[in-house]
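Here are a few friendly notes to read alongside the coordinates.

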Number of protein chains: 2
Amino acid sequence: MMAGAAFAHRRTRWYLRARDSVDGLARRSPSRFAILVFTSLILLFTLLFSLPIASAARTLTPLHDALFTAVSVICVTGLSTVDMATHWSAFGNILIVVGVNIGGVGVLTLASLMGMVISRRLGLRAKLMAASDTNPSRIHAGPVNEGQTVRLGEVGNLLVTVAISAFAIESVVTALLFPRILASGASVGEAAWQSVYYSAMAFTNTGFNPNVGALAPFADDYWFLSALMLGVFLGSLGFPVIYAVSRGWRRPRRWSVHVKLTLFTTVVLMLAGVAVYIALEFDNPKTFGSLGVGDTIFQSLFMSVMSRSGGFATITVSDLKGSSLLATDMLMFIGGGSASTAGGIKVTTLAILFLAAMAEASGRTEMEAFGRRIPSDILRLAVSVVLWGATTVAVASIVILQISKAPFDYVLFDVISAFATCGLSTGLTAELPPAGVYVLAATMFMGRIGTVTLAAALAASQSRQLFTRPEERPIVG
Amino acid sequence: MMAGAAFAHRRTRWYLRARDSVDGLARRSPSRFAILVFTSLILLFTLLFSLPIASAARTLTPLHDALFTAVSVICVTGLSTVDMATHWSAFGNILIVVGVNIGGVGVLTLASLMGMVISRRLGLRAKLMAASDTNPSRIHAGPVNEGQTVRLGEVGNLLVTVAISAFAIESVVTALLFPRILASGASVGEAAWQSVYYSAMAFTNTGFNPNVGALAPFADDYWFLSALMLGVFLGSLGFPVIYAVSRGWRRPRRWSVHVKLTLFTTVVLMLAGVAVYIALEFDNPKTFGSLGVGDTIFQSLFMSVMSRSGGFATITVSDLKGSSLLATDMLMFIGGGSASTAGGIKVTTLAILFLAAMAEASGRTEMEAFGRRIPSDILRLAVSVVLWGATTVAVASIVILQISKAPFDYVLFDVISAFATCGLSTGLTAELPPAGVYVLAATMFMGRIGTVTLAAALAASQSRQLFTRPEERPIVG
Ligand SMILES: [K+]
Ligand SMILES: [K+]
């Protein structure tokens, strides 16, 4: 009895100490914490995916395929080297759905945590200065917009809030998808499973398909496709935006610059994508050539939403014209919102570059957006993220071109798709030799973890900075 | 007699007034002046090239070919839609050599003029502040490093200095080339003409070949190839660097940050290019596969120097592996020095991006290079230039992919070669339909005039800027 109590006591102390050290690491160095968490998850899922019980054929899955699937699932990428609809057993498929949710919720949580580092970089001194300002409008425009930093200080609380939001959104999307899958001829059980699967793949911006034939049975089902777009769109906005908008949707004027900039840039890119796909593909017999005006617009909208990270497609990617492939490369590279399940360099990063050019063109010394001044060190962060992305894509493309001798456009497309965790593929990924598979897996990891941690790591490295004026800071990367 | 004197007087007044108005425009708005000068030159040379007397066959050259050649010559690009060795008459060939010299000297002069705008942006106020500082080292580190702004205030004087420098360098290169061409079996007259032609093509970074077979007869002549590299290298450094180094080559420590940054980045890129070409092409049977170690290194060095804007090649570009094409795309896009005959976004622009990332990574609030602080608005200029370049290349590539249905890698290569006025070609340029030829001509114009004028136009737009500390400003774009 005494020994048991002592053991329980020791176990509790061990548990508390572990929790404290996790919390400490997450606070002290959120970027290292994120890398640790994602690496551990990927190793665990590689092990699980390679087990015979995970495959439909009950055989060992080769290491390169198991690792690639684990990275693709945890990084919510959606690229695959095996046929996702047939290769995996029920257990394997459950692993996939659980994995993308862990990966999606994990990235939302960790990136939100790191967004706080970037937002709070000014430190105590500047915050106190802003608070001591007696002008109320000044306080509102103060250095840290709390709506954007989610007002949550602890990893645990943040994780719970993110998980509840994800569950709520995925439930709505599941409910929207279920009757359509049922109507397409599936049994109730099958429809329930497929709607949960599709909904998870949409909100986490992964883009795997559970059924043979992928989206082909639903290519004309605009309700189904719209529900997918809703899930992908919400997932790609990023948690800080979802949180701020859901809390203050009645007062859009009080949204932070980050929220406004993300929404504005997302809508502009979406419309630009629609216009480009209509212009380039309306006369392509393999894609939209046989469609009417309304269908061409809808399918172009679907392509535009999915290319920035969703990864679903109603057409065969390699049927697109070369010009559309290049346009898609660009949309994929930009990606979605910061602290979202989408990848890429992030829409705010691109927006900051254009704000810098606009400030320069109009002769202002400061970047401005929505009536707020944006400090110039954010531009340095944005430039760092773009350099990281361009370097990763260039090196990976050169290496895979050397390994595979595949066509240049297909290599560039699949590498950017991997880096930006988009998941659209020209078919190259499934044909790569193991060496190429490892390179592409590394590219997915660098794209997912790299862009998210880089900005925070760089921002955290700054220690001595004195500002004299209050500022507001959007998140980049 | 009276009437004659009055006429002469009126003519002198007209001439003086014209000279004053040219000088005024060049000072008030050097970017508009540059666009005006280049557009006029291109229209004049288009007319001349289309004349029957300019072609070897004594026939009218079609408008798209004449325009493309005029743009390629005046923008010192080196791309061609006709066979440059056989299409033109003696008159046409003289036009080409005169044209590249006018284009080369013109761009050196105008870009140097605009570099002054960027360097002098601080205006009188800051200069007076720096001058009133009693600390002599402070004055030395003052806002305007005069070595970099060439100490020449007038367009005419600057033009003469540039022309003399160009003539001196081209004469040396001609003298180095002449005996080798003679030794290859050409007559004295032919050797004289070809050495003048090659020398002009080298220093102006154009890269046309006067003889059938291009560099094939000289592919093993390392003296000849080294002389070409010398001309290309000096041309690609930029006039401010040549001027500063020739004036103060004994005291490298006193060179401006612009000079040091240009030389450092140029050497780093050159060595990186050598390493990449060796690694990717040493086992390619179509290029360096049959060469020994020394030959592979030399030919890789030649490729590396030429790909950043020279445009000469000893191998067939389309024989390069896909990975080398992508690496070359990147080197071409970066290009040479500011205010040089080379194109691209310029090496200092790239350097500024990396300095920003390094400042961010080390937690400094200011970019630093060679012991100097670089003001953050230079980063905005650099970002603007890169956005301009990326947008031009992306739009031109998408349009030409639509027009030509050519392979993606060839389109991207030739478009970047046009934008960066490099002149290397996969062979696509010669096969484009007229619509594509016009698009590529526009791309060359935007690349040559755009990057050079953009930074100056943006820098000049700034009017109210108060600095409290003296700074030094490298040129970008
Ligand atoms: K995805
Ligand atoms: K050239």
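1. Chain B and chain A bury about 3700 Å² between them, and 67% of that area is on carbon and sulfur atoms. Please keep in mind that this is a predicted model. On each side of the interface the contact involves 46 residues: 46 of chain B and 46 of chain A. In chain B, the residues that lose the most area to chain A are E360(B), R380(B) and F408(B); together they account for 22% of what that side buries.

2. Next, the ion. The potassium ion (ligand 1) is coordinated through O atoms of T77(A), N205(A), T206(A), S309(A), T421(A) and C422(A), at 2.2 to 3.0 Å. Along the chain, these donors follow the spacing T-x127-N-T-x102-S-x111-T-C. Two of the residues, T206(A) and C422(A), link distant parts of the chain, 216 residues apart. T206(A) lies in the loop between α8 (188-203) and α9 (222-237) of chain A, while C422(A) lies in the loop between α16 (408-419) and α17 (428-431) of chain A. T206(A) is buried, with a relative accessible area of 0%, and C422(A) is likewise buried, at 0%.

3. How would you class the geometry of that site? The angles among the six donor atoms of the potassium ion (ligand 1) run from 64 to 151°, and the site is irregular.

4. A word on cysteines: a search of the whole structure finds zero disulfides over all chains. C75(A) is buried, with a relative accessible area of 0%.

5. The largest nonpolar core has 265 residues. Within this core, L228(A), F312(A), L228(B) and F312(B) touch the most other members. Leaving out residues up to four places away in sequence, F312(A) touches a list of residues that includes Y198(A), M201(A), F208(A), L215(A), L228(A), V232(A), F302(A), M306(A) and L424(A). In soluble globular proteins, nonpolar side chains tend to be buried together.

6. Q299(B) sits in helix α12 (residues 293-310) of chain B. Is Q299(B) buried or exposed? At 6% relative accessibility, Q299(B) counts as buried, because the cut-off for that label is under 20%. Setting aside neighbours within four places in sequence, Q299(B) is in contact with A219(B), Y222(B), L225(B), F288(B), L291(B) and T314(B).

Key:
Residues numbered from 1 in each chain as written. Chains lettered and ligands numbered in written order. Predicted model: local features only at pLDDT ≥ 70, side-chain atom pairs only at ≥ 80, totals over all residues. Heavy atoms only, no water. Donors = N, O, S within 2.8 Å, 3.2 Å for Na, K, Ca; no water. Tetrahedral: all angles 85-135°; square planar, octahedral: opposite > 155°, others 65-115°. Helix = DSSP H or I, 4+ residues; strand = E, 2+ residues; numbered from the N terminus. Buried < 20%, exposed > 50% of the residue type's maximum accessible area, 1.4 Å probe, protein only. Disulfide = S-S within 2.5 Å. Core = buried A, V, L, I, M, F, W, Y, C linked by side-chain atoms within 4.5 Å. Contact = heavy atoms within 4.5 Å. Buried area = accessible area lost by both parts, 1.4 Å probe.
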